[in-house]
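Work through the two exercises below with the sequence and the model side by side, and try each task before reading its solution.

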Amino acid sequence: MTAFAVIQAIVIGIALLLAAVTAFRKLLPKTATRVQARLSAALNEPSRSAWMRILGQRMQPKAATGSCGDGCGSCGSCGPKPVGNQPDVQPLHFRPRARS
């Protein structure tokens, strides 16, 4: 096995892992938050080394506060609001082609 094949396998493996984590977080957000909290708690134990505790502290999921600024999306009111009195439906205007 050549060095290029090893590097290629590592890069493809990392890309596949990132895609799987992204899909997991998008499709199962509550489960992903629970897994992240458990992993963070396991790394943040007093018996761990300093760098592992720092990593565990940084991995802690952001807690939802229930306010409109946290972006949890549970109430459905965090989306963009319409500007002014613009209607949702705009009429189509058909014009004949100019003859040349």
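Helices are DSSP runs of H or I with at least four residues, and strands are runs of E with at least two, both numbered from the N terminus. The model is a predicted one, in which local features need pLDDT of at least 70, side-chain atom pairs count only at pLDDT 80 or more, and totals for chains, interfaces and linings use all residues. Residues are numbered from 1 along each chain as its sequence is written, and side-chain values use heavy atoms, without hydrogens and water.

**Exercise 1.** Find the helix in which Leu-18 lies, and decide whether Leu-18 is buried or exposed.

*Solution.* Begin with the overall pattern, which reads α-α-α along the sequence, with three helices and zero strands. Leu-18 belongs to helix α1, which covers residues 3–27. Next, apply the cut-offs: buried means under 20% relative accessible area, exposed over 50%, and partly exposed in between, with a 1.4 Å probe and protein chains only. Leu-18 has a relative accessible area of 54%, and is therefore exposed.

**Exercise 2.** Determine which residues of α2 are buried and how they are arranged around its axis.

*Solution.* Start with the buried residues of α2, which are Ala-32, Ser-40 and Leu-43. They lie on the same side of α2, because they cover an arc of only 70 degrees around the axis, the arc being that of the directions from the helix axis to the C-beta atoms. Then turn to the face of α2 directed away from this buried side, where the exposed residues Lys-30 and Arg-38 are found. Finally, ask what covers the buried residues of α2: the cover includes α1 and α3 (50–58).

Conventions:
Contact = heavy atoms within 4.5 Å.
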